[in-house]
2 protein chains.
Amino acid sequence: MAGVSAGTVDRILHSRGNVSEAKRQAVEAVLNKVGYKFNIHTSAVSLKRGYHFIVTTPLAGEGEYWASVSAGIHEALEEYSDIQILPDYFPYDQFDEKSCRSVFDTISKQEADGVIIGPTFRKETLALCRKLDKKGIPYVFVDADIEGAHPVASYTVDQHSCGAFLGRMLMAGLHEGKTILLFRSERRSEERSSNTLAREKGLMDFLQEQGLGNQLVQAIVPQTEDAEEIILDALNRHPDVQYAIVLNSRGHVIASAIKQGQLTGKIQLIGFDLTRKNVECLLDGSIAALLCQRPQLQGFSAIRRLISWLLYHSKEKNERHFLPIDLVVKENLPYYREVIRG
Amino acid sequence: MAGVSAGTVDRILHSRGNVSEAKRQAVEAVLNKVGYKFNIHTSAVSLKRGYHFIVTTPLAGEGEYWASVSAGIHEALEEYSDIQILPDYFPYDQFDEKSCRSVFDTISKQEADGVIIGPTFRKETLALCRKLDKKGIPYVFVDADIEGAHPVASYTVDQHSCGAFLGRMLMAGLHEGKTILLFRSERRSEERSSNTLAREKGLMDFLQEQGLGNQLVQAIVPQTEDAEEIILDALNRHPDVQYAIVLNSRGHVIASAIKQGQLTGKIQLIGFDLTRKNVECLLDGSIAALLCQRPQLQGFSAIRRLISWLLYHSKEKNERHFLPIDLVVKENLPYYREVIRG
DNA sequence: CATATTTTTGTGTTCGTGCACAAAAGCAAT
DNA sequence: ATTGCTTTTGTGCACGAACACAAAAATATG
């Protein structure tokens, strides 16, 4: 080292103050010259403290979308196992505003070093974020971004592009005089997830642009017991349908109706997300293709970002990361299982 | 700790011997109980040595396939910058066996702690691997695997599935009475890359299976100056062509012929690999879609694996990792740029 | 039994980092 | 110049890991 003691260097690196200007410059010059790089891992060792992370997302059963986010979180904790992190899961019901509110309420009373939020309800999420901002607790969004909040980062997918991507796939395969049947859930517009809405807009915009707008028809999928019957009915009412599409991860519901009606192969079903049920349908041919986000990468990245936020000194906020959109069919499916980095 | 000194634990962890059976068992019991996890980063600090890695792949210009592999290697070195690694690049000419032989010869004379090989020529690669085996130097394959060698791991793509994937995409979009035109390079079969051959087989098998075998015609792309003319000629000779396909990364060559002949939009061109030139064609519409491997992930994973091989104690060989195959079109392209983990 | 040899075990130092505390230097008031 | 206070700087220890070396215990040889 050039001139001073380790203590002084430490004060400079952490900007703890009480350092003379002369020495500061001298040390910084040396740091630059030798290309000093902060070592996050030895730092973690030396800090010898643990971190408490809160993860709040819609509740997910095994094999569902949010379970993959958790899997990514788990992988990151494994990868960074030299940094002691205690994750605490606070799932909420994505169809119940009240559940969300009460869970977020509990969270805002917790002590935490970082929070990962998979947001659904805008108002509730903003309220939580305000409280976290006030406490100075960093948070990261996965799957969706909420405007007006100030997360350290967000890891999402551009759903509008996602819809356009679907549009292109449909356009590429659509035959003369054939139509596309869009299945949508029964819920009112305000109640549908913002992701689904954005996908729909992306799709519609694309089809309009390409002059295919009038080749799309719609059908409603009810939440009731007789859904299958109603789906089959819709399919039969539209004999020209070549493509059936679903903009959320419930494509397998349509798939079972298709299997029921022995329409497999006649109708190409395209859905979203590599959930276990969808994968099964992809394998048996009742779903032709799935558009996928990378939920695991979202979870992985979120943890990674919180760690670097807490341990690094540079603190710039509001990064927006858009992750890739993948197209998965039977042939490339085996290689999409749980891959973050090979 | 329970009973013994740090030195003894150290001897046990490294199986350095000279430890009494009684203490060994006692210590191992404690390690299990407290869930001991080796910390690779502090280990690297205290080892205070650097590692010398050799990277040998076909020579790549900026924006080409192998440049992405290097980018992934670079990212890994950045991520693991607390472990001192000196990479040494030894590119060879992928179309010249002799160049490869002489480069591999040089490599086998070098001192190295690990080697990353992007293989092309089977015989030359096997010769190199034998020498490395003898010296006990670990090596990893990227992009392609060579049978008979004993790499620590390989990070490749299942090219047969890749061809089948392409087949499915073609089948989904092919109209009645239309054909597929496959452009292939002039080289003799033995000289074509094994990846390209495997893709071709995967594609052919799929089309046969689906009864579409007779809808595929072929044309040769020469390496000469008048390639464009010949390509255009082939396209004009086959007025029924809906899809043009190229199984290597030279799709942009066909694309410029298509632009020249003002056939953009009339003929759907599908190629391989997100090289800079191909990306440009994707953006201007002359290429409809690209099937992509994840060269960056290959490079990243290779470095990562060599590090864990050198620093961890468990040493199992011959892992084969098959990475995903992605479909990229204009709409999802922006999100595929240089993503390893967001 | 004493000594030599081998095997087993413990200690001390190192790395990069964080932090508490001690030491030194600077400066003002007496 | 001495005292007291603040600002600046240095020292020592900790963390988990690696390794050289010293110390102690066990065993062999005379």
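Let me begin with conventions. Residues are numbered from 1 along each chain as its sequence is written, and chains are lettered from A and ligands numbered from 1 in the order in which they are written. In this predicted model, local features need pLDDT of at least 70, side-chain atom pairs count only at pLDDT 80 or more, and totals for chains, interfaces and linings use all residues, while side-chain values use heavy atoms, with hydrogens and water left out.

I turn to DNA strand D. How many residues surround DNA strand D? There are 23, and the closest are Ser5(A), Arg11(A), Ser20(A), His14(B) and Ser46(B). A residue is near a strand if one of its heavy atoms lies within 4 Å of it. Of the atoms of DNA strand D that come within 4 Å of the protein, sugar and phosphate account for 67%.

Polar contacts here are pairs of N or O atoms within 3.5 Å; within protein, one atom must be able to donate a hydrogen and the other to accept it, and residues adjacent in sequence count only if both atoms are side-chain atoms. His14(B) places a polar side-chain atom 3.0 Å from a phosphate oxygen of DNA strand D.

Helices (H or I, at least four residues) and strands (E, at least two) are DSSP runs, numbered from the N terminus. Helix H1 (6-13) and helix H3 (40-47) of chain A, with helix H3 (40-47) of chain B, each supply at least two residues of the surface near DNA strand D. The largest share, 4 residues, comes from H3(B). By class, this surface has 6 nonpolar, 11 polar and 6 charged residues. Ala, Val, Leu, Ile, Met, Phe, Trp, Tyr, Cys and Pro count as nonpolar, Asp, Glu, Lys and Arg as charged, and the others, Gly among them, as polar.

Next, DNA strand C. It is surrounded by 23 residues, the closest being His14(A), Asn39(A), Ser46(A), Ser5(B) and Ser20(B). Sugar or phosphate makes up 64% of the atoms of DNA strand C within 4 Å of the protein, and bases the rest. Which helix gives the most to the surface near DNA strand C? H3(A) does, with 4 residues. The surface divides into 6 nonpolar, 11 polar and 6 charged residues.

Finally, helix packing, with axes fitted as lines to C-alpha atoms over the stretch in contact and angles running from 0 to 180 degrees between N-to-C directions. In chain A, helix H9 (residues 227-237) and helix H10 (residues 251-260) pack at about 70°, with axes 9 Å apart. H9(A) and H10(A) are therefore roughly perpendicular; angles under 35 degrees count as roughly parallel, over 145 as roughly antiparallel, 65 to 115 as roughly perpendicular and the rest as oblique. In chain B, helix H7 (residues 159-173) and helix H8 (residues 194-209) pack at about 45°, with axes 6 Å apart. That makes H7(B) oblique to H8(B).
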